[in-house]
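Hi,

Here is the structure I promised to pass on. Have a look at it first, and then read on for what turned up.

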Amino acid sequence: MKKKYIVKKNHEFQEIIGLRVFIKTDPYYIYFRKNNLNYPRFGISVGKKLGNAVLRNKVRRQIRSMITIDPTLNIQGYDYIIIVKKNYFKNSYFINKEVLLKNLKK
């Protein structure tokens, strides 16, 4: 994923989460807001309670691949913060991908 598609700054995370506009699914909380760009930006948050650094980085890589693989994803002009919940590990990769992509298109 290119740098321009990533939300990295803490104040940007806090602004998006502070709006309290989100979708609650079993494995994720997906916060979003409209931006003035022609492309979407994503921020991924995996808390320390979910596991060690190796496991958290694996989850981040999986989510990035879920987002970049799908060419039918037409979600331009939004910033998304994806917060992973413990229920992420109860489902397979493909079920988690389906849930994420279905809720990003809303």
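Helix 3 has 12 residues, and at 1.5 Å a residue it should span 16 Å; its end C-alpha atoms are 16 Å apart, so the two agree. Please bear in mind that this is a predicted model.

Which residues of helix 3 are buried? They are Asn96, Lys97, Leu100, Leu101, Asn103 and Leu104. These residues cover an arc of only 165° around the axis, so they sit on the same side of helix 3. Phe94, Glu98 and Lys102, on the other side of helix 3, are exposed. As background, an α-helix has 3.6 residues a turn, so residues three or four places apart point the same way.

Tyr28 is worth a click: leaving aside neighbours within four places in sequence, its contacts include Ile63, Met66, Val84, Asn96 and Leu100.

Last, Lys2 lies in the segment before helix 1 (10-18). Lys2 has a relative accessible area of 57%, so it counts as exposed, the cut-off being over 50%. Between Lys2 and Arg41 there are 9.8 Å in space, C-alpha to C-alpha, although they are 39 residues apart in sequence.

Best wishes

Conventions
Residues are numbered from 1 along each chain as its sequence is written. This is a predicted model: local features need pLDDT of at least 70, side-chain atom pairs count only at pLDDT 80 or more; totals for chains, interfaces and linings use all residues. Side-chain values use heavy atoms; hydrogens and water are left out. Contact means heavy atoms within 4.5 Å. Helices (H or I, at least four residues) and strands (E, at least two) are DSSP runs, numbered from the N terminus. Buried means under 20% relative accessible area, exposed over 50%, partly exposed in between (1.4 Å probe, protein chains only). The expected span of a helix is 1.5 Å times one less than its number of residues. The arc is that of the directions from the helix axis to the C-beta atoms.
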